[in-house]
Each structure stands twice: as C-alpha cells, then as structure tokens.
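Let's take a walk through the salt bridges of this protein. Have the structure open and follow along.

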Amino acid sequence: MAQMIPKILTAVETSWQKELAQAYRDPSKLLEVLDLPTEPFQAGFAARKLFPLMVPRPFVRRMRKGDVNDPLLRQVMTLEQELTAVSGYSEDPLDEQQSAVPGLLHKYQSRVLMIIRGGCAVNCRYCFRRHFPYADNSPSKAGWQQALEYIRADQQIDEVIYSGGDPLMAKDDFLAWLSSEIAAIPHVRRLRIHTRLPVVIPSRITRELLDWFTGTRLQPVMVLHINHANEMDDELERAVKPLRDAGVTLLNQAVLLKGVNDSVQAQVELSESVFAAGIMPYYLHVLDKVQGAAHFDLAESQARDIMAGVIKRLPGYLVPKLVREIGNQPGKTPIDLHLQP
Ligand code: SF4
C-alpha cells in the first residue's frame with residue numbers, strides 16, 4: 001500500500017496542472033462553450049492585450065449557459081469598458097509597487113506579504129494588481145534568502161502572508177521549503193495563504209499541500225476569494241474539507257462588484273454558502289480604483305445600503321466587514337454603516 005502513495009500524489013498534482021494548462025485563453029472559445037454569441041463581446045476582445053483572459057474549466061462549469069449576465073462570467077470576461085481610461089482610477093491604486101526587498105511587501109507593522117508568484121489561474125478583470133510589475137518582484141530561490149533575512153531581522157513580524165498573483169501557482173516542494181524556513185524564525189507565529197486557485201481549480205488542494213501547510217509549528221490560515229454563491233459547488237466543498245479537518249482556519253474575502261454581487265440577496269447567499277462549507281465570511285472590499293475596472297465600481301452609499309440590509313438578515317458572525325483599502329494606511333479602513341433603527 002505504502003508504495004502506491006507517491007503514484008497517487010503525482011496523479012493529483014498532475015490533475016491541477018493539467019486543468020491550468022487547459023484553461024480558456026481565447027474569449028471566442030469560452031463564449032462557444034457557454035452557448036453565447038460573440039457579437040456583444042467582440043469589441044472587448046482587445047482588452048486581452050491589457051490583461052490576458054484566463055479561465056479554468058472547473059470554474060466555467062459553474063457558469064449558466066446562454067446567460068450573458070452570468071455573475072461568474074462577468075468577473076472574467078474581457079469587456080469594451082476596460083479600454084476606456086477613467087479619471088480617478090490608476091494603475092497602482094494602493095501605492096504598493098515599492099517593495100521592501102524583492103518579493104516582499106511590508107504594508108502592515110506585524111505582517112509581511114511575500115509575492116510568491118506573479119501569475120494566477122484565473123484573471124479577474126477587477127484585480128487591483130492587474131498592472132503590478134511582477135517581473136521586478138520574482139526572486140530566485142537564492143533571492144528569497146534576502147526576504148527571509150528581512151523577516152528574521154524584524155521581531156515585530158509575527159505573520160507571513162503568501163500572496164501574488166496566486167501563491168499556489170508555485171509548486172509544493174518550493175512552498176514546503178519556504179514554509180520550513182519561515183517556521184525556523186522564532187517570532188513568526190502564523191502562516192497565511194491568500195488564494196483563489198482552489199476556488200477555480202479545486203484539485204489544487206493536494207496531499208502535499210496539506211502536509212507542508214499543516215506540518216510546521218505555524219498556525220495555518222487560508223483566505224479564499226469567493227465573490228458569489230454560484231462559485232461554491234460540491235467539488236470545492238470536498239476539496240476544502242481536509243483543510244478544515246486538519247485545523248486550518250478558513251476565511252473568505254470578496255469584492256463588491258457591480259453586476260456580480262451588488263444586492264442584499266447575493267451577499268446573504270454568499271455568506272450562507274461559504275459558511276456551509278466551513279469558511280467564515282471575513283472581508284467585503286469595495287473596489288480598489290484600478291484602471292480598467294471602473295465599470296465594476298459602486299458608490300460607497302450603495303455599499304453601505306447593501307451591508308445594512310445584510311445585517312438585518314444574518315447573524316453577526318456571518319456578516320463580513322465592509323472595508324476599503326487605502327495605500328500606506330496601517331490596516332484596512334472599515335466603512336461606517338450609519339445604521340438606522
Ligand atoms: S486571483 Fe486574485 S490576484 Fe489573481 S487576478 Fe484574481 S483577484 Fe487578482
């Protein structure tokens with residue numbers, strides 16, 4: 001039996017990489033599989049040059065065929081509006097293109113972000129890092145020593161966050177090595193992963209990932225990124241269960257997006273569905289004002305109204321915190337709801 005385990009692991013790992021290789025990159029192919037006409041989307045195809053289209057098949061299988069307004073499709077489909085420069089929207093809305101050392105951002109006092117990989121398995125059209133200069137922030141394995149040295153030297157850092165792009169685009173053997181190096185730094189307590197990859201390719205939760213993520217003394221936290229209840233399905237629930245069973249704290253952060261999840265009902269369903277899979281609603285972000293994504297934005301008053309409605313419908317533990325991220329602030333900025341009796 002023991003001899004079979006490596007074969008099983010190889011098969012599992014191959015399966016997520018195969019899904020990645022088979023992701024849709026051509027908008028016409030994506031539309032074809034969804035039984036949608038090309039014409040309403042044709043003018044937006046050029047937006048691929050600004051930010052490529054990339055959509056894995058497991059995510060596409062959760063989209064409704066024949067629906068141009070499908071909330072999952074809307075998050076990933078190139079649209080003509082991306083091509084119009086809108087005043088007030090910038091390429092670096094959080095002013096974060098200055099790293100402490102290559103591959104490492106030190107935005108908050110006690111936490112550092114490691115930019116593990118530039119790419120993602122899915123390209124979300126609203127992404128605030130769609131213009132991030134990943135090429136300048138991709139150290140080699142030797143280069144990571146500089147980032148580790150930075151963490152060792154600052155006793156205030158008690159949490160390391162794997163970010164990107166999507167950090168789970170990296171291979172498990174590299175992540176296992178990096179995590180063991182971080183675990184050897186006494187003042188670091190927690191290891192957090194921010195990822196959307198298991199949402200779009202659930203087979204990314206491999207046995208090896210479970211082993212390195214839960215095998216050190218560090219407390220493991222995974223923050224998933226799920227914006228709509230339709231993103232949850234049995235396959236994703238089954239994939240996250242071993243993480244939950246192994247004691248990983250599972251949280252969800254979402255972005256409030258016009259035409260995707262901008263209603264009380266959509267937010268209630270999102271919280272209910274992630275919680276049913278053992279994932280706690282954590283943050284609901286208003287859009288970071290990145291160039292090319294203005295068509296997803298909502299007025300802050302609308303965001304407040306939606307959250308006020310959610311609070312009436314859900315117990316407090318299912319209500320995410322409505323926040324805005326402001327560059328160079330010491331933490332996320334909560335949005336005051338001014339609730340009426
Ligand atoms: S997965 Fe996250 S980092 Fe990648 S494109 Fe989507 S929002 Fe951006």
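A salt bridge here is a side-chain nitrogen of Lys or Arg within 4 Å of a carboxyl oxygen of Asp or Glu. Keep in mind that you're looking at a predicted model. Searching the whole structure turns up 18 salt bridges, and a few of them are worth a stop.

Start with Arg192 and Glu159, whose closest N and O atoms sit 2.6 Å apart, so by that cut-off they form a salt bridge. The two residues are 33 apart in the chain: Arg192 belongs to strand β4 (residues 190–195) and Glu159 to strand β3 (residues 159–164). Are they buried or exposed? Buried means under 20% relative accessible area, so Arg192, at 10%, counts as buried, and so does Glu159, at 6%.

Next, find Arg130 and Glu82, where the salt bridge comes in at 3.0 Å, N to O. Here it's loops that get connected: Arg130 lies in the one between β2 (111–117) and α5 (144–153), while Glu82 lies in the one between α4 (71–76) and β1 (104–108), with 48 residues separating the pair. Both Arg130 and Glu82 are buried.

Finally, move along to Arg324 and Glu300, another salt bridge, with 3.0 Å between the closest N and O atoms. Glu300 has 27% relative accessibility, so it counts as partly exposed.

Note on methods:
Residues are numbered from 1 along each chain as its sequence is written. This is a predicted model: local features need pLDDT of at least 70, side-chain atom pairs count only at pLDDT 80 or more; totals for chains, interfaces and linings use all residues. Side-chain values use heavy atoms; hydrogens and water are left out. Helices (H or I, at least four residues) and strands (E, at least two) are DSSP runs, numbered from the N terminus. Buried means under 20% relative accessible area, exposed over 50%, partly exposed in between (1.4 Å probe, protein chains only).
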